[in-house]
Amino acid sequence: MEKEMIHSTAVIHPGAKIADGVEVGPYVVIGENVSIGKGTKIGPHTVIDGWTEIGEDNNIFHMASVGAVPQDLKYKGEKTWLRIGNGNTIREFASLHLGTVTGDGETTVGDGNLFMAYSHVAHDCHIGNHVIMANSATLAGHVTVEDYAIMGGLSAVLQFTRIGAHVMVGGMTSITLDVPPYTIVTGDRTESRLRGLNLVGLKRRGFPEQTISSLKKAYKILSLSGMKLTEALEKMKSDIPTCPELEHFISFIESAKRGVTR
């Protein structure tokens, strides 16, 4: 690592692997089992610990906590991981924790994500690519968030729940059931409901009109037909022209273990 890019007050364990071109700010603490890829910037007073792998060109702002032990009373210091990809932004006071041996053994984060101030990613969560977690959005353990999902400020997700691709979660929404891809969900602590497709997001990301039309039909069958879930899925398969997005919408619902928000 290039010494001139490491502030003199930073405390870095000799065993840590810091690539050339990493910037480390004042009073940063980096533990023994951390590796950080080139081009990553670490802001002042940030703590990075645990068995943590951080890729290239990430920007971690001041006071973030990355790789701390899980907030799980069953965790007894086992070797578990936090793996972060490339090009992520982790804002001030955000926290991302290691996995657990009772889970997947790792927490994973893809590429190009934004974790705003005070957001929290708990143990054994799996975050895709280009996800946005707004201020104080919170994931309990074992949560999966697929690509391009957006978590509104102060939203909270129950453990073992999944958020589908391109979902928009409204601010202060409590999620207790899986949220199907491409939808908008809002609510409060007692009840969350689908409010339609995330049409603005789909159009901004260039989805073809035919794909959006198929997803609209699927959404209406899921949320407005009054059918049982199994009947709704069969009708989607038989009545709507297929496309990869529709196939993902259906397979996501079919694989739900906690139930699906409707």
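**Notebook: helix H2 and its surroundings**

I began with helix H2, residues 209-224, which has 16 residues and reaches 21 Å from its first C-alpha to its last, close to the 22 Å expected at 1.5 Å a residue. The expected span is 1.5 Å times one less than the number of residues, and I took helices (H or I, at least four residues) and strands (E, at least two) as DSSP runs, numbered from the N terminus. I noted that this is a predicted model, in which local features need pLDDT of at least 70 and side-chain atom pairs count only at pLDDT 80 or more, while totals for chains, interfaces and linings use all residues. Residues are numbered from 1 along each chain as its sequence is written, and side-chain values use heavy atoms, with hydrogens and water left out.

Next I asked which residues of H2 are buried. They are Thr 211, Ile 212, Ser 214, Leu 215, Ala 218, Tyr 219, Ile 221 and Leu 222, where buried means under 20% relative accessible area, exposed over 50% and partly exposed in between, with a 1.4 Å probe and protein chains only. An α-helix has 3.6 residues a turn, so residues three or four places apart point the same way. I found that the buried residues of H2 pack against strands E26 (183-187) and E27 and against helices H1 (199-204), H3 (229-239) and H4 (244-254). After H2 comes Gly 226, with a positive phi near 75°.

I then looked up the largest nonpolar core, which has 65 residues, and Ile 36, Ile 90 and Met 236 are among those with the most contacts inside it. Such a core is a set of buried Ala, Val, Leu, Ile, Met, Phe, Trp, Tyr and Cys residues joined through side-chain atoms within 4.5 Å. The elements giving two or more residues to this core include E27, H3 and H4, and H2 gives the most, with 6 residues.

Turning to strand E27 (residues 192-197), I picked out Arg 195, which counts as partly exposed because its relative accessibility is 46%. Leaving aside neighbours within four places in sequence, Arg 195 is in contact (heavy atoms within 4.5 Å) with Ile 184, Thr 186 and Tyr 219. The side chains of Arg 195 and Thr 186 make a polar contact at 2.7 Å; this is a pair of N or O atoms within 3.5 Å, where, within protein, one must be able to donate a hydrogen and the other to accept it, and residues adjacent in sequence count only if both atoms are side-chain atoms.
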